[in-house]
Amino acid sequence: MAPNLSVARRRRRPGLARGRIFAVLSILSIVTIKIVFAPFRMLSSMIHSSQYTSSSLTPKLTEAPPTGLQWPADPIPDMPDGSYKAIPRYIWQTSRSLPLSDRANATVSTWIDLNPSWKHYVATDDDIDFFFRTKFPPNVHNAFSQLPLGVMKADAWRLAVTYYYGGVYGDIDTKCMRPIDEWVGPAQNERGCTAIVAMESYNSFANYALVAAPRHPVFKRALDRVVEKIERDGGVKPEDEHFVAAYTGPPVVTNAIIDVIRSKHEFASEIMNDDEDKAKAVAIGLCLEEAVYFGGINVGHDFASVGWESKEHDSWRKERQKIMDEHNIKPKKTGKRKGQPPRVHVVGGGKRKIAIST
């Protein structure tokens, strides 16, 4: 008896239907995975994009450091940005020249005394120039050389040295309040932090204290922003009293974070309140902290530009004023964003506060 082919085909149809359903579900799963992980692929592509490569970050000169500062050994060449996980045990600070004043010695000693197993460096203006000339391509040193104020050069150097060597950076007027191992250690080992940045104000993340492993993409992007703005403007072109911050200050760090995590926000406080942004930051090892993290708990800030006025310490604000006078720039009254708290720095380990206008 001949088999009934129509019955056989009907019997196979449920299996074929299940196969088709499985195929459709598989395609939908792949599409969903691609959509979910697309932001992280974009982050990865930005981490590895660069106007200069790790291989170009090698000494170009063999001259001796001008002050005899013994720089650390260079990190492993050709390591992609974002691939270092360990935060080196370096503490970086800078002063216009040596020897340090008594007030600066007092703050610097807190870093040394509380962290005996960490290597401590104080770089002078000559050391900073040497660093840029020997560690970075000529266009980066050229941009650095066009910065008119010492504070701006110090701003650029902290980004560069944190990117190049990694470690902990603290302004010369900061105090270490607790041993670094008590706060960097847990952040690195328990939370996977390869960089730590804290808020300074509603608007910005601070740059007076920074922590990172070498070659972190946020500090690469921050340094790029400094160079790009100087090249785009044909030098430093002051437009208002905030030109120092615009070219090298906390807004540069803030905008670098916005660029790297591709945030839709403008202000630091908005990023801190956005779970998606914080998740993208965590994905690149960036731990974002509240202002007290570097404003009294782990680091204290004496804010020398308004609190250390003396013959030994001319405020950079006076130097800025000279440039403003040369360009006939008058201070502007700026309105405050609705709901924005006053810009306040915690000073001296949280003992007092100073409201600032820049």
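This is a predicted model: local features need pLDDT of at least 70, side-chain atom pairs count only at pLDDT 80 or more; totals for chains, interfaces and linings use all residues.
Ile 112 belongs to helix 2, which covers residues 102–114. Cys 176, at 4% relative accessibility, counts as buried.

**The disulfide**

Next, show the cysteine side chains. How many disulfides does a search of the whole structure find? The search finds 1, and it joins Cys 193 to Cys 287, with an S to S distance of 1.9 Å. A disulfide is a covalent bond between the sulfur atoms of two cysteines. Cys 193 sits in the loop between helix 6 (184–191) and strand 5 (195–198), while Cys 287 is in strand 7 (residues 286–289), so the pair ties together parts that are 94 residues apart in sequence. If you follow the bond with the torsion tool, the angle about S-S is about -90 degrees, and the disulfide is therefore left-handed. Both ends are covered: Cys 193 counts as buried at 1% relative accessibility, and Cys 287 counts as buried at 7%.

**Helix 5 and the cores**

Move on to helix 5, residues 150–164, and look along its length. Its 15 residues, at 1.5 Å a residue, should span 21 Å, and its end C-alpha atoms are 20 Å apart, which agrees with that expectation. Is helix 5 mostly covered or mostly open? Of its 15 residues, 13 are buried, and the helix is thus mostly covered. After helix 5 comes Gly 166, whose phi is positive, near 80 degrees.

Now display the largest nonpolar core, which has 59 residues; Phe 131, Phe 132, Trp 157 and Phe 205 are those with the most contacts inside it. Helix 5 supplies the largest share of this core, 9 residues. In soluble globular proteins, nonpolar side chains tend to be buried together. Zoom in on Trp 157 and show what surrounds it: leaving aside residues up to four places away in sequence, the residues it touches include Trp 71, Trp 92, Phe 131, Phe 132 and Tyr 169. A second, separate core has 23 residues, among them Trp 111, Ile 196, Ala 198 and Ala 206.

**Helix 7**

Select Lys 220 in helix 7, residues 217–233. With a relative accessible area of 2%, Lys 220 is buried, and its side chain makes a polar contact with the side chain of Asp 224, at 2.3 Å.

**Helix 11**

Finish at helix 11, residues 275–283, where the buried residues are Asp 277, Lys 280 and Ala 281. Why can these be placed on the same side of helix 11? They cover an arc of only 105 degrees around the axis, which puts them on the same side. An α-helix has 3.6 residues a turn, so residues three or four places apart point the same way. Turn the view to the other side of helix 11, where Asp 275 and Val 282 are exposed. At the N-terminal end, Asp 274 caps helix 11, with a side-chain oxygen lying 2.9 Å from the backbone nitrogen of Glu 276. Helix 11 is followed by Gly 285, whose phi is positive, near 75 degrees.

Terms used: Residues are numbered from 1 along each chain as its sequence is written. Side-chain values use heavy atoms; hydrogens and water are left out. Helices (H or I, at least four residues) and strands (E, at least two) are DSSP runs, numbered from the N terminus. The expected span of a helix is 1.5 Å times one less than its number of residues. Buried means under 20% relative accessible area, exposed over 50%, partly exposed in between (1.4 Å probe, protein chains only). A disulfide is a pair of cysteine sulfur atoms within 2.5 Å. The arc is that of the directions from the helix axis to the C-beta atoms. A polar contact is a pair of N or O atoms within 3.5 Å; within protein, one must be able to donate a hydrogen and the other to accept it, and residues adjacent in sequence count only if both atoms are side-chain atoms. A nonpolar core is a set of buried Ala, Val, Leu, Ile, Met, Phe, Trp, Tyr and Cys residues joined through side-chain atoms within 4.5 Å. Contact means heavy atoms within 4.5 Å.
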